[in-house]
Amino acid sequence: RDPGSFKRVLSRVRSIGRSGSVAGQFTRRTGTLGQSMFKHEDDKMLFKLDNKLKWTSIKAVDETAMDLAEREGRLCPDWRDNLQSMEKEAQNVLVFYEEGKGFPGAAWARGEADFHDLATMTDDDDLAADIRVQIAKRMFDISVGIPCIGEDEQCYAVLMLYRLSPVGQKRSERPNKNWKDLRKSHSLMGLLQQGGTMAFSALRLTQEARAWRDALEEFKDTKALKEEEADVEVREGPRTLSARVIRFLKHYFSKFKSQKQQPPGGHTWEFAVITALGTFTSVLLVTGVDNLFESVYYNQNYMIIFINSMAAVGAMIFSAPTSLLVQPRNILGGHLIAILIALLLDYAVSVHNIIPMFVGQAIAPALAILVMAKLGLIHPPACACSVIYLDGYPEHKNLGWMFICAPVLIDCFMMILMGCCINNLSVERAYPLYW
C-alpha cells in the first residue's frame, strides 16, 4: 500500500529476466480521476468500470539495464524510438482493449498472469495484428499481463511487463527458454499476483487523493468560474452541423491512408511445409470419405460429405493455428449457426419465394456473422457454408436438415482431428488453444 513497495515488486520481477524490462499499465476506469468513484453496499470506495481498457500513461523502464545492453551490442540502438512508438499508439483515443482482445484483454479474461512468447509469435496471429505488439516484437521476447483484481474480484486494470530480447541470441540460449514452466512456479505466480494487488491499491490511493483535491477546489470562487465558462462559450459559439460533418469526414478519410504498419514477412520453410502438408492431408481425408460415400444414397441422391468451404477451414487451421477464429468451438459453433440460418432462410427463398435468391445470398452470411459475433464464435468459412447450401445443387437441398450432420458436422470433426494430429508434430505449434 505504500508507493515504494510497488517499485520493489517491479524490481524483483525484473530480476527474473536478468536483461531489463518495461512495464505499463492499462485501466478500466471511466470519467476523470475525480469523478469515477462510487460507494459500494459495504461502504467501500470502488471505481466505476468501463467495458474496455485504456492506457493510464503509467510506465516503468529499466533504463540502466537497457543502456548496458545497448553498449554491449545486445540491443538495437533504436529501442528508445520503438518504445516511444508503443506509447504514442497507446495514447491514441482509438486504441483500447476489450476483454479477451490484445495482450491486456487476454490477461483480463484469464484472471491471472498471462504469458506470451513474442519471439515465436507469427505475424498472422490474431494478437500480432495489434500495432503495439508488432513494435514490441522488435525489442522484447516475453510479455506478462498481470490483472489487478479488486476486493470485489473485478479486474480494474492490467499491468503489462516486457522483457528484452537480446540481439543475436539464439532461442535455446535465452533465460527461461522454457518459459511455459514459469506458470507452474507457485512462488512466481504468487509474486505476480501480489504485484497486481499492489497496483490496484496504488490506483485506488491515487483516485482518492485526486478526488480529495477536486473536493477542495469546489470551495473556491464558483461564481467567477461560471462566468469564465460562459465567456468561453460565447466566444466560441456552438459547433454547427456542417462543422461536425467536415470534421468527421476529415477523420474518416484520414483512415484510408496507410496506418504505417509494416507488412509481415515470409515464414520459414518448416512453417510453410507443415502448413501445406496439413492442408493437403486434411482436405484429402474429407474428399476421400466423400468418394467412399458416393454409393450411399439419401432421398434419391448420393450422400455428400465434402463441401468447398472446408478447403478454407483446413488452410486456416494450419496457417494460423493460434488464431482464435480456428479453435474447435469456433469451427463447430460457427458452422452450426451458419447452416441453421441457411436452412431456415431457404424456406423464404426457395420454398415460398418471399425473398429473391440474390438477396438471400447476402442475408445468410450477414445473419450468420451477426450471431457468431454476439456469441463469440466467429469463423468466417462458416458464412461460405451457408451460401453454399442456399445456392446449392439439388443433392445439397435434398439432404434437408440432414445437411447439419452430413456433411457439415462430420467435416468439422475431421478437420479438427487433423489439426490436432498434424499441428502438434511441430515443437513450435500447439493446437488447440482451448476446447
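Tutor: Before we start, helices (H or I, at least four residues) and strands (E, at least two) are DSSP runs numbered from the N terminus. This is a predicted model, where local features need pLDDT of at least 70, side-chain atom pairs count only at pLDDT 80 or more, and totals for chains, interfaces and linings use all residues. Residues are numbered from 1 along each chain as its sequence is written, and side-chain values use heavy atoms, with hydrogens and water left out.

Student: Okay, which strand holds L161, and is L161 buried or exposed?

Tutor: L161 sits in strand β7, residues 155–164. For burial, we go by relative accessible area: under 20% is buried, over 50% exposed, and in between partly exposed (1.4 Å probe, protein chains only). L161 comes out at 8%, so it counts as buried.

Student: How far apart in space are L161 and K59?

Tutor: Along the sequence, 102 residues separate L161 from K59. Going C-alpha to C-alpha, the distance between L161 and K59 is 9.7 Å.

Student: Zooming out, what share of the protein chain's contacts with a separation of 6 or more comes from residues 24 or more positions apart?

Tutor: The protein chain has 15 helices and nine strands, and 41% of its 435 residues count as buried. A contact is heavy atoms within 4.5 Å. Among contacts with a separation of 6 or more, the share from residues 24 or more positions apart is 71%.

Student: Which residues does N82 touch, if I skip its neighbours within four places in sequence?

Tutor: N82 belongs to helix α3, residues 79–91. Its relative accessibility is 7%, so N82 counts as buried. Beyond those sequence neighbours, N82 is in contact with I135, R138 and M139.

Student: On to helix pairs: are α11 and α15 roughly parallel or roughly antiparallel?

Tutor: Axes are lines fitted to C-alpha atoms, for helices over the stretch in contact, and angles run from 0 to 180 degrees between N-to-C directions. Angles under 35 degrees count as roughly parallel, over 145 as roughly antiparallel, 65 to 115 as roughly perpendicular and the rest as oblique. The axes of α11 (residues 328–351) and α15 (residues 405–423) come within 10 Å and cross at roughly 165°. That is why α11 and α15 are roughly antiparallel.

Student: How do the residues of the α11 and α15 contact divide by class?

Tutor: P328, I331, L332, H335 and I339 of α11 meet V408, L409, C412, F413 and I416 of α15. Ala, Val, Leu, Ile, Met, Phe, Trp, Tyr, Cys and Pro count as nonpolar, Asp, Glu, Lys and Arg as charged, and the others, Gly among them, as polar. For α11 with α15, that gives nine nonpolar, one polar and no charged.

Student: Is the α12 and α13 crossing left-handed or right-handed?

Tutor: α12 and α13 (residues 381–390) pack at an angle of about 150°, axes 9 Å apart, which makes the two roughly antiparallel. A crossing is left-handed if the near helix is turned anticlockwise from the far one by less than a right angle, and right-handed if clockwise. α12 passes α13 in a crossing that is right-handed.

Student: And how does the contact of α9 with α10 divide by class?

Tutor: Helix α9 (residues 269–292) and helix α10 (residues 309–319) pack at about 150°, with axes 8 Å apart. Among the residues making the contact are F271 and T275 of α9 and M310 and A311 of α10. By class, α9 with α10 has six nonpolar, six polar and no charged.

Student: Last one: what is the phi of N353?

Tutor: N353 is in the loop between α11 and α12, and at 59% relative accessibility it counts as exposed. N353 is not a glycine, yet its phi is positive, at about 55°.
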